Amino acid sequence: MRDFHPDDDFASPEEYSPESSPDDFDPGLPNQLLDFVLRSEPAEVVDTDLFAVMKKRRSTRKFSDKPVETVKIDKIIAAADTAPTAGNFQGFEIFYVKSPEKKRLLVDACNFQSCVDAPIVLVFCKNPSRVKFNFPPYVLRKFAIQDATLAAGYSQLAAQALGLSSIWIGMFDEQKVMDILQTDLVPSSLLCIGYPKQSKFPKPRRNLKDLVNVVW
Ligand SMILES: Cc1cc2nc3c(=O)[nH]c(=O)nc-3n(C[C@H](O)[C@H](O)[C@H](O)COP(=O)(O)O)c2cc1C
C-alpha cells in the first residue's frame, strides 16, 4: 500500500441519511428521525432481552463477508444517539467510514490491527465544543470523552441485539486517525462491526464479590 499523506485528495465527510425516513419528515423536529429509526423493523429478529444481550456479547475480530443490512446500521447509529450525555449537549460525533481505502489506512493507524477493516467501521470522536457548560476546558474534555465512550457502548450493545458482533478498538494513533478522517476532533474509540465468522462463549470475569467495594 502506498504511503498516506494527510492532504490526500479524499472526499470530505458527507451527511448521513438512514435508509428510510418518515413521509412527513421535518428536520426541525429533533427526535422524529431518531424515533422512526428506532421503531423501524430490523431485517431479522432482534434479541430484546437486554440482559441476554449483555451476557452473550463477545468481542469478535473475524467477520464474515455477509453484508450488514442498512436498517441495522441505522439502528446502531440511532442507539448511540439515545445515550445520556453531559447536560444533553451531546459532546461527540460519529464518523461512519465507508471508503475501503480509508478502512485499510485505519488498520495502520490502529497499530496494524487487521480487524479494523471490518464491514462496518464507526469512529467515535469527542467534541467538547458542543458542551456549553461554563466549566474549565479540561472538564468539558472529560465530559466529551464520557459522552463518546458511552455512545459507543450503546452502539455495541445494539449491534449485539441485532445479531451482529463487534470489536472495540482503543489502540490507535489519534493523529493518524484524525488525518484519515480529515477532522480536528479527537477519536475516543473505534467500533468495528459485522457478522461473526464464528460465535464464541463469553470471556470469564472476576467474581462479582471482587468487583464491588461496598461503602458505608
Ligand atoms: C477501552 C478498550 C480498548 C480496547 N482496545 C482494543 C484494541 O485496540 N484491540 C482489540 O483487539 N481489542 C480491544 N478491546 C477489546 C477487549 O480486548 C475486550 O473487550 C476484552 O478482551 C474482553 O473481551 P469481551 O469483549 O469479549 O468480553 C478494547 C476494549 C476496551 C473496553
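Modeller: The account below takes the helix pairs, then the sheet, then the ligand.

This is a predicted model, in which local features need pLDDT of at least 70, side-chain atom pairs count only at pLDDT 80 or more, and totals for chains, interfaces and linings use all residues. Residues are numbered from 1 along each chain as its sequence is written.

Two packed helices are described by the angle between their axes and the distance between the axes. Axes are lines fitted to C-alpha atoms, for helices over the stretch in contact, and angles run from 0 to 180 degrees between N-to-C directions. Helices (H or I, at least four residues) and strands (E, at least two) are DSSP runs, numbered from the N terminus.

Helix 3 (residues 70-82) packs with helix 5 (residues 137-161) at about 140 degrees, their axes being 7 Å apart. Helix 3 is therefore oblique to helix 5; angles under 35 degrees count as roughly parallel, over 145 as roughly antiparallel, 65 to 115 as roughly perpendicular and the rest as oblique. On the helix 3 side the contact involves Lys75, Ile76, Ala79, Ala80 and Thr82, which meet Ala151, Ala152, Tyr154, Ser155, Ala158 and Ala159 of helix 5; two residues are in contact if their C-beta atoms, placed from the backbone, lie within 7 Å. By class, this contact of helix 3 with helix 5 has 8 nonpolar, 2 polar and 1 charged residues. Here Ala, Val, Leu, Ile, Met, Phe, Trp, Tyr, Cys and Pro count as nonpolar, Asp, Glu, Lys and Arg as charged, and the others, Gly among them, as polar.

Helix 3 also packs with helix 1 (residues 32-39), at an angle of about 130 degrees and with the axes 9 Å apart. Helix 1 is thus oblique to helix 3. Helix 1 passes helix 3 in a left-handed crossing. Leu34, Val37 and Leu38 of helix 1 and Asp74, Lys75, Ala78 and Asp81 of helix 3 make the contact, with 4 nonpolar, no polar and 3 charged residues.

The axes of helix 4 (residues 100-109) and helix 6 come within 9 Å and cross at roughly 170 degrees, and helix 4 and helix 6 are therefore roughly antiparallel to each other. Lys102, Leu105, Leu106 and Ala109 in helix 4 meet Lys176, Val177 and Ile180 in helix 6.

Turning to the sheet, 4 strands form an open sheet in the order 1-2-4-3, with antiparallel pairing; two strands pair if DSSP finds at least two bridges between them. Strand 1 (92-97) and strand 3 (165-169) are the edge strands. Helix 6 (residues 174-181) packs on the sheet, touching strand 1, strand 2 and strand 4 (187-194).

Finally, Arg58, Ser59, Arg61, Gln113, Ile167, Trp168, Ile169, Gly170, Met171 and Lys203 surround the ligand (a residue is near a molecule if its C-beta atom, placed from the backbone, lies within 6 Å of it). This shell divides into 4 nonpolar, 3 polar and 3 charged residues.

Conventions: A crossing is left-handed if the near helix is turned anticlockwise from the far one by less than a right angle, and right-handed if clockwise.
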